[in-house]
Amino acid sequence: METNVVGQPLLRIKSARLCNEAIDGYMDSAEQQAMLAAAARKIEELFDVLQIDHDNDHNTRDTPKRVAKMYVEELLKGRYSAPPAITDFDNANGYSDLIVTGPIEVRSTCAHHLMPIYGEAYIGILPSADGRIIGLSKYDRIVDYFCSRFQIQEELVQQIGTFIMEKTAPRGLAVRISAVHMCKTQRGIRAPHRGRMVNSAYFGDLLSDAALRQEFVQECAILDRQ
């Protein structure tokens, strides 16, 4: 990897993308290390502006590096790595009724204030009788992948649903998220944590069939109570 005049690795920007989209080509290990170093330097600059002594204060001495690592390797990992591989199985008995899985943990970061979003996701799948069924744990991995970006909940349900539809081609799909937004509970109005936002996205037969949508909502309520 090339370096600049002071020996720091150069960070090559692959493309300018929206905050909740993956970058083109993802990142290799060397590029990740370059991003970590560059991000840590910028966080040090922010601390300087805020008059926080990151050189002598034992509490914040390594905080810029820790925060950079948190963003690159955890909170935004879904932007820099490939989506999870889909393990699928033969639908040997031609099962075609609604499957609902959840609650699936939602941990994301609000794109507006960089505050946590946390809650649960529920996914309803209407498999094709002559199609394939994917491994149940893959839905959790898909949710985690798209949560690991700066997000807004309205777009998150759409991204999860579109990915599953494109990769697995079920007859129908529903994605529902119920989550707390700390940009509302920790700042601003400081709303109670029991206040949540709920939204859903429907695809295929679950979009066109009101009875199927009602069945999905009822199953979500049962799972939520448990």
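**Notes on a mixed sheet and its salt bridges**

1. R107 counts as exposed, at 59% relative accessibility. Here exposed means over 50% relative accessible area, buried means under 20%, and partly exposed lies in between (1.4 Å probe, protein chains only). R107 forms a salt bridge with E105, and their closest N and O atoms are 3.9 Å apart. A salt bridge needs a side-chain nitrogen of Lys or Arg within 4 Å of a carboxyl oxygen of Asp or Glu. E105 is partly exposed, with 46% relative accessibility.

2. A word on the source. This is a predicted model, in which local features need pLDDT of at least 70 and side-chain atom pairs count only at pLDDT 80 or more, while totals for chains, interfaces and linings use all residues. Residues are numbered from 1 along each chain as its sequence is written, and side-chain values use heavy atoms, with hydrogens and water left out.

3. The chain overall. Its secondary structure comes to eight helices and seven strands. Both are DSSP runs, numbered from the N terminus: helices are H or I with at least four residues, strands are E with at least two. The C-alpha trace spans about 65 × 45 × 25 Å along its principal axes. Of the 226 residues, 39% are buried. The accessible surface is about 12,900 Å², and carbon and sulfur atoms hold 51% of that area. Areas come from the Shrake-Rupley method with a 1.4 Å probe; for residues, only the protein chains shown count as cover.

4. Contacts along the sequence. Take the contacts with a separation of 6 or more: 68% of them join residues 24 or more positions apart. A contact means heavy atoms within 4.5 Å.

5. The sheet. Five strands form an open sheet with mixed pairing, in the order β5-β2-β3-β6-β7. Its edge strands are β5 (150-151) and β7 (197-204), each of which pairs on one side only. Strands pair if DSSP finds at least two bridges between them. Helix α4 (residues 137-147) packs on the sheet and touches β2, β3 and β5. The direction of α4 makes about 20° with that of β2. Such angles run from 0 to 180 degrees between N-to-C directions, with axes fitted to C-alpha atoms, for helices over the stretch in contact.

6. Strand β2 and its partners. β2 (residues 99-110) runs antiparallel to β3 (residues 116-126), and nine bridges join them. Across this pair, T101 stands opposite I123 and V106 stands opposite G119. β2 and β5 run parallel, joined by two bridges. There, T109 has F150 as its bridge partner.

7. Backbone points to check. The peptide bond between G102 and P103 is cis, with omega about -5°. P103 lies in strand β2. The hairpin of β2 and β3 has five residues between the strands, and L114 takes a positive phi near 60° in it. L114 is partly exposed, at 39% relative accessible area. Q51 also has a positive phi near 60°, and it is a residue other than glycine. Q51 sits in the loop between α1 and α2 (63-75). With a relative accessible area of 74%, Q51 is exposed.

8. The whole structure holds ten salt bridges. One joins D144 to K77, with the closest N and O atoms 3.3 Å apart. D144 is in helix α4 and K77 in helix α3 (residues 77-80), 67 residues apart. Both ends are partly exposed: D144 at 36% relative accessibility, K77 at 33%. R132 and D90 meet in another, at 2.0 Å from N to O. This pair links strand β4 (residues 132-134), which holds R132, to strand β1 (residues 88-90), which holds D90, 42 residues apart. R132 is partly exposed at 38%, whereas D90 is exposed at 59%.

9. A salt-bridge network. R17, E21 and D24 are linked by salt bridges.

10. A nonpolar patch. L46, V49 and L50 make a nonpolar surface patch of about 310 Å². Patches use residues with over 30% relative accessible area and no salt bridge; nonpolar side chains (Val, Leu, Ile, Met, Phe, Trp, Tyr) are joined within 5 Å, like charges within 9 Å. V49 belongs to helix α1 (residues 29-49). V49 is exposed, with a relative accessible area of 66%.
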